[in-house]
Amino acid sequence: MVENATRAWDMAFYSVSLGPGDRILTAMAEYASNYIAFLQVARKTGARVEPVPNDEYGQLSVEALREMLGERVKLIAITHILVQSYTTPALRASGNRRGRART
Ligand SMILES: Cc1ncc(COP(=O)(O)O)c(C=O)c1O
């Protein structure tokens, strides 16, 4: 148990070892402080931050996410409940279809 969500997220994120060419997939509407951490780590390590496009309803496109999966994807970091909009991307269905994502 840690003191807040930010601390818990930081501990998880900074435990991932990233290097040049590694890809971080995230949402266009990702929580801002998470996105800043992605950019800082990308600048330091040479990893790339790639926001998954939204669909026609303004929600993360599960289809686009599926298309973006590949060997260099080291991290998929998408906030499940966005405090800005209270939307919940249908990620579980996407991950399970591929049999590789853990939600
Ligand atoms: C997605 C997300 N991450 C982190 C936070 C920050 O949470 P905490 O104040 O517990 O660090 C919030 C707060 O609303 C949030 O919505």
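1. In strand S2, Glu-50 is the bridge partner of Leu-25, and Arg-23 stands opposite Arg-48 of S2. Strand S1 (residues 23-27) pairs with S2 in the parallel sense over 5 bridges; two strands count as paired if DSSP finds at least two bridges between them.

2. A word on the basis of these remarks: this is a predicted model, where local features need pLDDT of at least 70 and side-chain atom pairs count only at pLDDT 80 or more, while totals for chains, interfaces and linings use all residues. Residues are numbered from 1 along each chain as its sequence is written.

3. The sheet itself is open, with 3 strands in the order S2-S1-S3 and parallel pairing. Strand S2 (48-52) and strand S3 (73-77) are at the edges with a single partner strand each, so one side of each lacks a neighbour in the sheet. On average, neighbouring strands are turned by 25 degrees against each other, direction ignored, using axes that are lines fitted to C-alpha atoms.

4. Taken as a whole, the protein chain has 4 helices and 3 strands, running α-β-α-β-α-β-α from the N terminus. Helices (H or I, at least four residues) and strands (E, at least two) are DSSP runs, numbered from the N terminus.

5. Of the 103 residues in the protein chain, 17% are buried (20 or more other C-beta atoms within 10 Å of the residue's own, with C-beta atoms placed from the backbone).

Note on methods. Axes fitted to C-alpha atoms, helices over the stretch in contact; angles between N-to-C directions. Buried ≥ 20, exposed ≤ 12 C-beta atoms within 10 Å, placed from the backbone.
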